Every structure is written in structure tokens, then in C-alpha cells.
Amino acid sequence: MKLEYMIKPFRIGNVEIPNRFAVTAMVTNMCDKDGYATEQYIRYHEAKAKGGYGLIITEDYAVNAHAGGYARVARIYKEDMIEGHRRMVKAVHQYGTKIFCQMYHAGRQSNSAVNGGAPVKSATAQACPWNRQMTEEMTIEEIQQTVKDFGITARNAKSAGFDGVEIHAGNGYLIAGFLSFTQNKRTDEYGGCFNNRMRILKEVYNEVRRNVGDDYPIMVRFSAEEHTYDGRTLPESRMIAKELETWGVNAINCSNGIYGSYNLAQVSVAPQGHAWTSSNAKALKEVVSIPVMAVNSIDDPLMAEQLVAEGTCDFVGMSRCSLADPDMPNKAKEGRFDEIRPCVRCVQGCTGWVVKQIPIRCCLNPELGNEYRYTFDDQPESKKVLVIGGGPGGMQAAIAAGRRGHDVTLWEKNSKLGGELLAAVCPPGKGEFASYIIALRKQLSKLENVKVILNKTASAQDIIAFGADKVILATGGLANQPKFLGNRDNVIPAREILLGYRQVEGRILVAGGGEVGIETAMYLAGGERGEITVVEMAHKMAEKTDQTRYIPMRRFLLDHEVKLMNDTKVIEVTDTDMVVEINGETRKLQYDAIVVAMGYHPNNALQEQLSSLGDKLVVIGDARQCQNAMEAASEGFEAGYNA
Ligand SMILES: Cc1cc2nc3c(=O)[nH]c(=O)nc-3n(C[C@H](O)[C@H](O)[C@H](O)COP(=O)(O)O)c2cc1C
Ligand code: SF4
């Protein structure tokens, strides 16, 4: 398959968008604390434009000092804020990409710690189940001021050179709160019947239109289905879409869900299906003639092609994939599908870091957020670089060093590149990680100055004899196997199960309920290998896993009758039983096999043996400190870049 529809230009109002690839809004936390554009923010957007996206919709610009839902969201409501954002628009325009400014007020999905210390205002006094701060109902005067604030932001956005604006009326923020009975319990002219609930959106639209003129594109994002107990569903959403077209809105961005939706419809995670909310875009498209965008877990350009070709939508929001690989559209246009680093919907670095109020990252893309400081234009003096280990950290180190023009050799002791990722692809919901390994391998193979040697076990003597200017030790971690587990044949590391080296059945105890233990239990449960119990000492399973991701994992385990025992400490293991302590009581759990997922320790024996190398040696990733693939990839890339 190749692209035909996705590369066709189309129009939103009078603006021509060069293709159908769109980035929808994503909070980056890359502006400064007052919302001024930073160099980091500018280069981040520029990378996507360079990578071939036809349309970028920025993160949600807070329309006043107290409208933000995160500490560092962008803002352009004051005159002196325009200049920085103008520089960003200019950087994007160099590549022919169009850029719209999303505007919002977070409503109840905010809290005083991030909105300038003010009370949180919303349609009705009610705490968001996620943010949990009690809010104050907006007065009529406050509504009218907020409407004006949208107009000012739109006017300034136009003055900064943005090609259009998007009014954010979805995902549970302020305007969405007025639109739906989930949040709107008002008994004045802003509550109750359809027209009343639509009133604020109509006023905002009219004010924005008044400020930007008749021929300036205005798009509206709203949630076609809210996926809450009493949230809006499609019939009313089709009414909204028709109404917007009558007003003069130029395009619709069909999102879904709000904070607190029961099924993460807003930003879906693996293993929810790809494009599973796209039929809602189709339902809206059926009742309007303005362009409609579908979005949510559409990360494959060929799937996007099919959606546009079959008339589900006119253009496609492919957002997290722009974090994982900003060059995806260009690669897809050129048929280089095997070079695309797909978003694997782990939400580890993106939404996971948004809530920490610091710049977002991506598990697969160490360059994200670092575009402003990594440059491959000027090459340093070429050095001889040796990378030991072909996991994500080692591969990223070799790629970065290779792109800097160094003479790079990578030694991997196994017959395949991938390291721990080879096991990580095996559990349900993780298959897409295989494309990550393929994309890294492909990138290595295209760098003529990088030599990969497989089946090469590195000794300290070999490494010293090689005579590299820089040695990057990326030997990863080794699974912990505490002594009390003994040395029994039926006590098996999780990795060996996931890679299919060993099979187990019967009464299976998974020792350790961190992410690896949980995923291994899912793998076993999917294959119906017997009675599975996960034993975890901590109070929570998968404690370090983003909870949005853990929710579907937990459902899978419960559906497959996997028993989860938290607060459970292993005391000893005999040939037949695992003896555990729960709330001070001792119990015996009989087993046929124990699968061990009790963490990792650095595999760094070579470090000491290589101490004579001094600062020629850099230790990265799990070999330095066991964390996760994102940290390993970032450290590897940084070490390779600075080699
Ligand atoms: C880190 C992050 C921040 C987001 N911030 C916003 C936002 O500012 N405004 C918005 O309308 N949607 C926001 N979203 C939702 C995205 O626009 C998009 O609808 C969602 O990620 C699903 O699309 P995808 O699967 O292509 O990523 C955000 C999503 C992520 C991952
Ligand atoms: S961190 Fe995970 S979910 Fe987020 S963009 Fe990267 S791969 Fe996708």
C-alpha cells in the first residue's frame, strides 16, 4: 500500500493545508512559567513541520492568567507574549506547514497550584474526579470576561501569524463543562436545554469571529462521546456539529472523553484498538459539509489513508506519533514505512510527564524536547567510538555517535539487536515495540560509519585492545534472583518465559508485581497456562506504571482470573510451597512453577575492569542504574552525541 489520499491538499476556510497529517494539541510544558515561548518550544514544533506534517495545532493556550490546567501552558493573551510565538510560527512556516492556535480555559480540570493560585472556576461548583479540587461556579460577569479573553487570545494569535485558531470545547474543560449535563447543573440561561448549554460556546465563537474577521479559519474541538455515566452521546453531538456549521465554524476536530472517562477515550493506551473512536468522526461528518478530523490512536499512516479514502474523516490527527517520530509523514510519503518509530501508546513520557509539570518526553524518541540543543549540522572531529551492548541504550548511542560522523563499532553478545526489548514485545499490548527495534536497526544499517558486530562477547582485554577514543558501556541489567528462591529448575526468570525459552503450567506463582511481573502474568494468562497468582510485597501492583495504563492491564488480569496478592512478603520457598506473610499471618502457597520478576541490578562488571580508561569510558542505562527503556535510550543518545 502507498499513500494517495493522505498527501492531497485540502482547505479549512480559505487556508490550504498541504496534506492530511495533523498534529492535535498536546501540552508540552516547554513554555516558561508565564507561557512565553522558549527556544525549546519553538524547535519542538519546527521538527514536526520539517517532518512533513501539513497542520499543527498547538497546545491549549490559556486565555488568561488563571485559565491553565498545567503550570507551564502557553499563553498569548498579552501583547508582549506575541513575539516569541511569532518566531515559532515563522519556524513552522519555513516548511509549508500550517499552524493553528488552540485556546482554552481548563475549568474544573485545573487546580490552584497550577493556575496562579486562584480559585478554580467552572460551569458548576463541582470537583473533577481527577483534579479533586472543589470549584466555584462562574458568575455571569466572569463568563462574559472569559468570552472576551478568548477574543483577545484569538486576535493576538492572528497577529503572531497563526493560520487559524481552534476553540477547545472538548475533553471536559470549561466550555465542555457547560455543554454537558455531566458538569452543567446550572439553572440560569447557561444551563438546561440544548441552546442554553451551547450559549457560552456561541458567545465565544462570535467574539473570536469579531476579533479575527470573516475569512480567518476557526475550528472547534469537542468530544463526540464523553464516556461518563451521564455524558453526552452521539445524537446530541451531531446536533452540535450542525449548529457549528450554521454559525460559520470552518472545521471540526472530533475528540472523545473527558478527565475521568471510564475508558480513557481521550488519550487511549495499548491495548485499546487503533482508531477505535474514528466512527464518531464519521457520524459527525455525515451531518456537515465542513472538514472533520478523526483522532486517537491512529498511528499508522496506512490506516489513516484508509480512513480518509473510505470517507470516515477528511484529515487525521496523529499526535503522539509526532512525539515518537516527527518525521513520520515524510517517511510515509516516501514509502519508508519500516523506518517509522511508531508510538506504542505507553504514555510513559508524554502524559506521564505532563502531570509532573515538566517538559514531556517520549519513550522512543530521545530527541524530543532536545531539538534545540542537538544539532547534526556541524560535525565534531571524528573519533573512534566503541559501544558495548545492542539494547535500546546501546543502539541509540551508536546512532547518535554515527550521525555526528564518528567511526562507530557496536558489539552485541547475542545474535540479535534489541536487548531487553526483545522480551518486552511479547506480553499482550506490547507487540508494537517490535517496530521500534526494526526502526533502530534500519537507522543503524543506513549509517555507513557504524559497524554492528553480533555474537561478540566483550572482555576488558578486547575493549582496551580495540583502542577506542570513547567506550560506551550499555550492557544493561541482570534479573534479580534472591537467594531464598533457591536454585530449582521450576523457578524461572520472567524473561525466559516471555522469550519462549521455557514453558510453565499448573499452579504458577509470579514473584513480583511490578510492570514486568504484571505483563508476564498477562502473557501467561492469555495462553491459559493454569492458575496464576501474582505475589507483591508493596501495597500496590505496578506501582511505577502510569495508572492510566495499569487500569486496562488490571481488567485483563481480572477477566482472566489472575489472583493478585499485594502486601505479601515472601519468607521462604520449599520444593512445594512458597511461604508468605500477609498482615502478620503466615500462609503457604503451593506451586508447580515460580516465575521471577523481582527487578534488575546493573550488569556492570566490566566497569571496574576498565577503570584505566578514565573519562574515555561512559556507563549508561541499566548498566549504570536500572530504570527503564526511556532512560536507557536517552542516556545512550546523549552519550553518543557527546562522544
Ligand atoms: C502529552 C499530551 C498532552 C495533551 N494535551 C492536549 C491539549 O493541550 N489539548 C487537547 O485538546 N488535547 C490534548 N491531548 C490530546 C491529544 O490532542 C490527542 O487527542 C490524543 O493524544 C489522542 O491522539 P493520539 O492517539 O494521536 O495521540 C494531549 C495528549 C497528550 C498525549
Ligand atoms: S511516550 Fe509512549 S505513548 Fe507517549 S508518545 Fe512516546 S511512545 Fe507514544
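Two strands pair if DSSP finds at least two bridges between them. Keep that in mind for the close-ups below, which all come from a predicted model.

**View 1. Strands E5 and E8 sit side by side in a barrel.**
Eight strands close up into a barrel in the order E3-E4-E5-E8-E9-E10-E11-E12, and their pairing is parallel. On average, neighbouring strands of this sheet are turned by 25 degrees against each other, ignoring direction. Zoom in on E5 (residues 98–104) and E8 (residues 164–168): these parallel strands are joined by four bridges. Look for Gln-102, whose bridge partner in E8 is Glu-166. Helix H3 (residues 140–159) packs on the sheet here and touches strand E4 (55–62), E5 and E8. The direction of H3 makes about 165 degrees with that of E5.

**View 2. Ligand 1 is surrounded by 23 residues.**
The closest of them are Thr-24, Ala-25, Met-26, Ser-319 and Arg-320. Strand E4 and helix H11 (351–354) are the elements that give two or more residues to this shell. Sorted by class, the shell around ligand 1 has nine nonpolar, 10 polar and four charged residues.

**View 3. Ligand 2 has a shell of 14 residues.**
Here the closest are Arg-320, Cys-343, Gly-349, Cys-350 and Cys-362. The shell around ligand 2 splits into 10 nonpolar, two polar and two charged residues.

**View 4. Strand E15 shows two faces.**
In a regular strand, side chains alternate between the two faces of the sheet. E15 runs parallel to strand E14 (residues 407–411), and four bridges join them. Opposite Lys-451 you'll find Thr-409.

**View 5. Ser-445 sits in helix H14 (residues 433–446).**
Is Ser-445 buried or exposed? Ser-445 counts as exposed because it has 10 C-beta neighbours inside 10 Å, and the cut-off for exposed is 12 or fewer. Now find Ile-399: it is 46 residues from Ser-445 in sequence, with 9.6 Å between their C-alpha atoms in space.

Technical notes
Residues are numbered from 1 along each chain as its sequence is written. Chains are lettered from A and ligands numbered from 1 in the order in which they are written. This is a predicted model: local features need pLDDT of at least 70, side-chain atom pairs count only at pLDDT 80 or more; totals for chains, interfaces and linings use all residues. A residue is near a molecule or strand if its C-beta atom, placed from the backbone, lies within 6 Å of it. Ala, Val, Leu, Ile, Met, Phe, Trp, Tyr, Cys and Pro count as nonpolar, Asp, Glu, Lys and Arg as charged, and the others, Gly among them, as polar. A residue is buried if 20 or more other C-beta atoms lie within 10 Å of its own, exposed if 12 or fewer, and partly exposed in between; C-beta atoms are placed from the backbone. Axes are lines fitted to C-alpha atoms, for helices over the stretch in contact, and angles run from 0 to 180 degrees between N-to-C directions. Two residues are in contact if their C-beta atoms, placed from the backbone, lie within 7 Å.
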